[in-house]
Each structure stands twice: as structure tokens, then as C-alpha cells.
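Morning, everyone. I'll walk you through one model today, starting with a helix pair and then zooming out. Have a look at it first.

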Amino acid sequence: MTASLPPAVLSIDWQVLVDAVGLGAVYALMAVGIGLVFGVLRLVNFAYGQLIMAGAYALAFASQWDWPLWAGVALCFAVVIALSLAMDRVVFRPLRTQSPAVMLVATFSVAFLLQSVALLAFGPLGKAASSLGYLNRPVTIGGVDIRKITLVAIVIAVVCLVALVLLLERTTVGLHMRAAAMDFRTSRLLGVRADRVIGSAVLVSALLAAAVAVILTVQNPLVTPDFALRDTIVVLAGVVVGGMNRLLSATLGGFAIGFVSGLLGGALPTDQSQYLPSFLFGLVILVLLVRPGGLFSRGHGPMERV
Amino acid sequence: MSPRSLAQLGGPVLLVLVAALLGGVASSSTEVYFINALVGVSIVVALYAFVGNSGVLSFGHISFVAVGAWAAGVLSVPRAEKPAIMQYLFPFLRDHTVGNISSLAIAAGVGGVYALLVGLPLMRLSGLTAGIATFGVLEITHNVLRYYEKIGPGSNAFSSVPETTGLWQAAIGAVAAVVVVFAYQSSRFGRLLRATREDAAAARAVGVSVYRQRLVSFTLSGALAGFAGGLYVHLLPITTETVYLDLTFITLAMLVIGGMTSLWGAVVGALAVSGLDSLLAQAENGLDVGGLLVDLPAGTRLVVVGTLMAAVLILRPSGITGGRELSLRLPRRRREQEAA
């Protein structure tokens with residue numbers, strides 16, 4: 001039956017598939033950034049999107065000042081890392097002993113605060129970050145037009161994830177981070193230094209946020225105060241759907257929700273495409289009801305234990 | 001009624017009435033801030049009925065406010081003006097128009113039924129999973145209300161709804177919400193739900209159904225949120241964006257700042273944050289403070305409110321009231337200190 005389909009349909013499907021993988025890759029990076037901090041702090045960082053937003057503004061200003069590309073990217077990384085460490089010191093550290101609800105609302109309010117600071121400082125109209133614009137041009141591979149940035153995003157994601165696995169599996173800091181994610185108190189008793197582990201988790205998650213900022217500004221060069229807000233909400237849902245208890249399941253969840261939302265975007269007929277969020281979150285709720293502990297997680301959720 | 005519960009009910013009611021009286025003596029341009037604050041009280045109290053007593057975070061309550069507002073709004077626009085702003089409406093909605101009080105009752109009913117339907121599957125979840133799932137409800141509700149033009153104005157504003165929510169309607173609405181929630185939390189149901197909040201395992205062990213208690217509370221809370229939405233749509237021409245992320249954030253923050261686990265905290269938080277917010281909004285337009293003209297750049301309001309919320313959360317996570325009900329006696333620790 002497949003042979004009888006006109007080639008145009010097939011090529012559109014491939015296009016959708018590649019774009020979906022690209023979106024999944026970016027969301028997987030964000031999911032790792034959120035999941036790493038959750039692992040050691042048990043804190044869902046709602047303000048993760050605002051880190052990306054800050055990095056995107058850094059890129060926009062660098063391109064406005066005609067800085068060379070490397071300087072712009074360096075500025076982006078510097079801004080995101082500084083903001084992330086400040087956030088940890090000022091907000092996360094005093095809240096470490098609080099209930100998850102208080103921490104969630106606190107990061108929610110930090111997100112809101114950073115967004116309104118950006119609104120006040122840079123205005124609602126947005127700035128253009130255009131120095132990497134050439135990556136938006138397509139290359140044709142096997143009759144499929146793929147934007148270069150989609151390939152770049154996939155490559156960056158794979159490289160980052162491999163580097164992260166090496167960091168977690170082959171270094172002492174990585175071992176400490178895994179131990180802290182499993183049982184923070186016991187790992188401290190066994191000599192893991194809390195501040196250093198949390199510091200490195202925050203740092204790595206900031207590096208990932210900066211990388212995501214670079215990718216997203218290419219895909220969407222107009223930087224506004226609510227830049228990456230929608231993506232963060234979707235990724236958070238994906239991370240919980242995947243299962244927050246392990247980094248791998250959180251990452252898979254992030255990838256899956258990006259992939260599914262890319263596929264849905266391509267598969268829905270045009271007159272229903274505006275209902276994409278409804279379909280996506282309907283699916284999220286459905287999965288959460290069937291597997292509340294996470295789609296990719298093992299064993300039972302914490303509810304079963306007393 | 002014992003003196004203790006008299007203080008617990010009387011405190012919040014009195015505070016609402018004081019705010020209403022202040023609004024009554026204020027100039028008509030300032031009055032609208034007080035009305036806004038009082039509608040805010042009803043929303044936050046509705047949110048408290050579930051979040052405060054169950055300890056489960058809900059990001060979805062603004063969707064009940066939204067459906068309440070839609071129900072009351074669609075049915076209150078005069079028959080003659082409906083085709084102009086909502087031309088795709090279902091015939092039933094197009095042909096019926098109800099009065100102010102009935103529209104508020106319908107808003108509460110629709111909010112309650114919607115919450116019940118949503119809660120039936122969702123109340124099995126808890127913790128972070130519940131938070132994300134209720135967030136999903138908000139997303140879906142917002143998405144559908146924005147694009148489904150057979151049940152409302154879609155992305156347009158709700159114009160031509162009679163603006164019946166004046167100072168007194170807002171005040172009576174807020175008092176009604178406070179009284180209903182107080183009655184609920186003093187009842188057997190409210191106590192059982194708080195037991196599950198304190199220790200779900202122990203509550204289960206003595207035969208409390210966590211699911212059923214949460215569902216009861218969620219439904220009641222949804223009905224009150226729908227009612228508050230009805231008040232809201234009769235106050236100003238709202239759009240889907242009015243009842244979305246910003247309102248979710250600000251009402252949750254009001255509740256946490258006031259103190260999540262008490263009715264007193266919900267009312268104090270709502271009024272304190274609204275008060276500050278309105279003051280800053282006026283300062284942005286130029287405010288005369290004892291001969292000194294304060295003129296802040298536009299947008300400062302959000303930054304100051306955001307900073308304050310973050311600061312309260314970090315420095316005093318249990319909120320201004322400490323999450324306790326109003327009591328005429330001093331807290332035990334202080335009494336012991338004074339005795340010593």
C-alpha cells in the first residue's frame with residue numbers, strides 16, 4: 001500500500017518526523033537541566049525558562065552591538081551561569097528545607113519576577129538576535145528539506161547528553177551527584193559535600209540552558225520577555241510524564257513530549273491545529289492517570305510506601 | 001457559637017467589610033481597586049477551600065473561574081447584542097438571557113460540575129503529578145475557550161455584559177465565600193480532609209477515603225471559583241488572557257503570602273497583595289504622598305510585587321499569618337515566655 005502513496009505525502013511525513021526529532025532534542029536538553037536540579041534539590045525549577053530568556057537577550061544585545069559570534073555566545077553563557085548561581089544562592093538555598101509546594105510557588109514567583117524585570121528593562125516588543133540566522137537555511141537530504149539548525153540542535157543535544165553521561169558515570173563529582181539524587185541525607189553522611197554537589201548540578205543545568213538559548217534564538221530570533229515560557233511549561237509536563245525520579249526517565253519524557261508535539265503539529269488538519277495544546281495536555285493527563293509515577297520510571301511511586 | 005470559632009469567622013468577615021467600607025468612602029476612581037480586591041478575595045478563598053485544606057497544589061482553579069465567567073457572561077449579554085459579538089453561539093445560548101443573580105448561581109453551578117468532572121479522575125493523583133495534571137486542565141480550558149466560538153466570544157473581550165459587580169455585590173460575594181468555606185472547614189468533611197493533609201497514611205488507616213474527601217473539596221472549591229468568575233465578568237470585559245497564567249500566579253501567591261493553611265491567611269493575603277498592587281498602579285500614574293510626587297515608570301508594579309512575593313516566600317514561607325486562624329489569645333509560646 002505504501003508504494004501507491006504519492007511521493008509528496010511521504011516527503012512531508014519525513015519532514016515532520018525530522019522536525020519532531022529536532023524539537024524533541026531541544027526539549028530533552030531542557031528536561032535534563034530541570035531534572036538535574038530536581039535530582040539533588042527535589043525542587044522543580046519553574047524559572048528555568050527565564051534563564052534561557054536571559055541568555056537569548058544576551059545574544060540579541062551582542063548581535064545589536066555587532067560583536068563577533070563567539071563573543072555573543074560567550075556572553076550568553078556568562079549571563080546564564082551568573083543568573084543561575086545567583087538564583088541558587090538567593091532563592092534555592094534558603095528554601096531547601098521547605099515543602100515542595102512552597103518551593104514550586106517560589107520558583108514560580110522568581111519566573112514571574114524575572115519576566116517582569118525583562119518587560120520593564122527591554123519593553124514588550126522584543127529584540128532580534130540575528131547573528132546565527134544563516135542556520136535557518138535548509139539543506140536537502142534525500143529529497144527532504146531540513147533546516148540546518150534542526151541538524152545542529154540534534155547534534156548539540158547528542159553531544160551534550162554523551163558528555164553528561166560521561167560526567168555522571170566517570171567522574172567523582174558525577175558519582176556524588178548520582179548518590180545525592182538517590183538519597184541526599186545518606187550521601188552527606190558518607191562524605192558527599194552538599195554545597196559542591198548542588199553547585200555543580202546548578203552549573204551544569206545552566207550550561208544546558210545557555211545551549212538551549214542559542215538553539216532557540218536561531219529558530220525564533222525575536223526575543224520577548226516571555227521567550228521560552230511556553231516551552232518550559234511543556235517540558236515540565238514532559239518531565240513529570242516521563243518520571244522525575246530518575247534523570248533518564250525525565251530526559252526521555254522531555255524528548256517524548258517534544259517529539260509528540262512536533263508530530264501532532266504536522267498531523268493535525270489545519271482547521272484543528274489551534275487545538276494542539278488541548279490534544280497535547282489531554283494526552284499528558286491521560287498518561288499521568290495511567291502511570292502517575294512516570295511513563296518511563298520503574299517500580300511504584302512514593303504513594304505506595306508508608 | 002464558641003468565642004474561638006466566632007473569632008475565626010468574624011475576623012475574615014470583618015476585614016472584608018472594612019475593605020468594602022474604605023472603598024465606599026474612597027473616590028470613584030479608587031473604588032474600582034477595592035472592588036477588584038474583593039473579587040480577588042472570593043477567588044483566593046475558593047482556591048484555599050481545596051489547596052489549604054488538602055495540601056495538594058492546584059494550578060487549575062483559574063479554569064473554574066474562567067468557565068464560571070463564560071457561563072455568566074454568555075447568558076447575561078442582552079439578547080439583541082449577542083449576534084454582534086458572538087455570532088457563532090449555540091442556539092440555546094443565543095436565545096436565553098438571565099438576570100444578575102441567576103447568572104451568578106449558574107456560574108457557581110457550572111464551575112462546580114466542571115470541577116466534579118475534572119476531579120473524578122484527577123483526585124487520584126497527588127503531589128507534583130497533581131500539580132502538572134491540573135496545569136493541563138488550565139491549558140486545555142484556556143485553549144478551548146479561546147478558539148471555540150460556539151460557547152463564547154473566543155479571543156474577543158466580553159463586552160456588553162451588564163456591569164453589576166459594584167462595591168456591594170463584590171463585598172457580599174466575598175463574605176458569602178468566606179462563610180461557605182468556614183462552614184465547610186468546620187464540618188466533618190473539612191476535618192477529615194485536613195486529617196489527610198497532615199498524615200495521609202494515618203487518615204487512611206482510620207478509614208478516611210482520601211480520594212472522596214478531596215473530591216468533595218475540589219467540587220465545592222470549583223463552585224466557589226465559578227461564582228467568583230461570575231462576579232469577575234460582571235466587573236469588567238475580560239478575555240481568555242485575563243483568566244490564565246497571570247491570574248493563576250497572582251492568586252496562588254496571595255494564598256501563599258497570606259498563609260496557605262488558614263482562611264484568615266487567604267483573606268489577609270488577598271487584601272494585602274491587592275492593596276500593594278493598587279498603590280503601585282497609582283504610583284505609576286503619579287501619586288501625591290504628603291506633597292512629594294511619586295512617579296514610577298510603567299511596569300515597576302509587577303517587579304515590586306514579584307520581588308515582595310519572592311522575599312516573603314524565602315523569609316517567611318508559612319506566610320504573614322503563619323498559616324494559623326485568627327485567635328484572640330496569644331500563641332502558646334509567647335504566653336509561656338511572658339509567664340517566665
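**A helix pair in chain A**

On the H3(A) side of this contact we have A:Val73, A:Cys76, A:Phe77, A:Val80, A:Ile81, A:Ser84, A:Leu85 and A:Asp88, and they meet A:Ile198, A:Val202, A:Leu203, A:Ser205, A:Ala206, A:Ala209, A:Ala210, A:Ala213 and A:Val214 in H8(A). When I say contact, I mean that the C-beta atoms of two residues, placed from the backbone, lie within 7 Å. Sorted by class, the contact of H3(A) with H8(A) has 14 nonpolar, two polar and one charged residues. The classes are simple: Ala, Val, Leu, Ile, Met, Phe, Trp, Tyr, Cys and Pro are nonpolar, Asp, Glu, Lys and Arg are charged, and the others, Gly among them, are polar.

Before I go on, the ground rules. This is a predicted model, where local features need pLDDT of at least 70 and side-chain atom pairs count only at pLDDT 80 or more, while totals for chains, interfaces and linings use all residues. Residues are numbered from 1 along each chain as its sequence is written, with chains lettered from A and ligands numbered from 1 in the order in which they are written.

Back to the pair. Helix H3 of chain A covers residues 69-95 and helix H8 of chain A covers residues 194-219; they pack at an angle of about 140 degrees, with their axes 9 Å apart. The axes are lines fitted to C-alpha atoms, for helices over the stretch in contact, and angles run from 0 to 180 degrees between N-to-C directions. The crossing of H3(A) and H8(A) is right-handed, so the near helix is turned clockwise from the far one by less than a right angle.

**Chain A as a whole**

Chain A has 11 helices and four strands. Those are DSSP runs numbered from the N terminus, helices being H or I with at least four residues and strands E with at least two. What does the radius of gyration of chain A come to? The C-alpha trace of chain A spans about 65 × 50 × 35 Å along its principal axes. In chain A, 47% of the 306 residues count as buried, where buried takes 20 or more other C-beta atoms within 10 Å of the residue's own, exposed takes 12 or fewer, and partly exposed is in between, with C-beta atoms placed from the backbone.

A:Arg42 sits in the loop between helix H1 (7-41) and helix H2 (48-64) of chain A, and its phi is near 55 degrees, a positive value in a residue other than glycine. A:Ala228 also has a positive phi, near 70 degrees, in the loop between strand S4 (222-223) and helix H9 (229-242) of chain A. Buried or partly exposed? A:Arg42 has 15 C-beta neighbours inside 10 Å and counts as partly exposed, whereas A:Ala228 has 26 and counts as buried.

**Over to chain B**

Chain B has 15 helices and two strands. Its radius of gyration is 20 Å, close to the 20 Å that the globule rule gives for 340 residues, so chain B is as compact as a globular protein of that length. The C-alpha trace of chain B spans about 75 × 60 × 35 Å along its principal axes, and 52% of the 340 residues count as buried.

There's a helix pair here too. Helix H2 (residues 28-54) and helix H11 (residues 210-233) of chain B have axes that come within 8 Å and cross at roughly 170 degrees. H2(B) and H11(B) are therefore roughly antiparallel to each other. Their contact has 15 nonpolar, five polar and one charged residues.

**Where the chains meet**

Last stop: the contact takes 33 residues from chain B and 37 residues from chain A. Which element gives the most on the side of chain B that touches chain A? It's H7(B), with 13 residues. By class, that side of chain B has 22 nonpolar, 10 polar and one charged residues.

Key: Rg over C-alpha atoms; globule rule 2.2 N^0.38 Å. Parallel < 35°, antiparallel > 145°, perpendicular 65-115°, else oblique.
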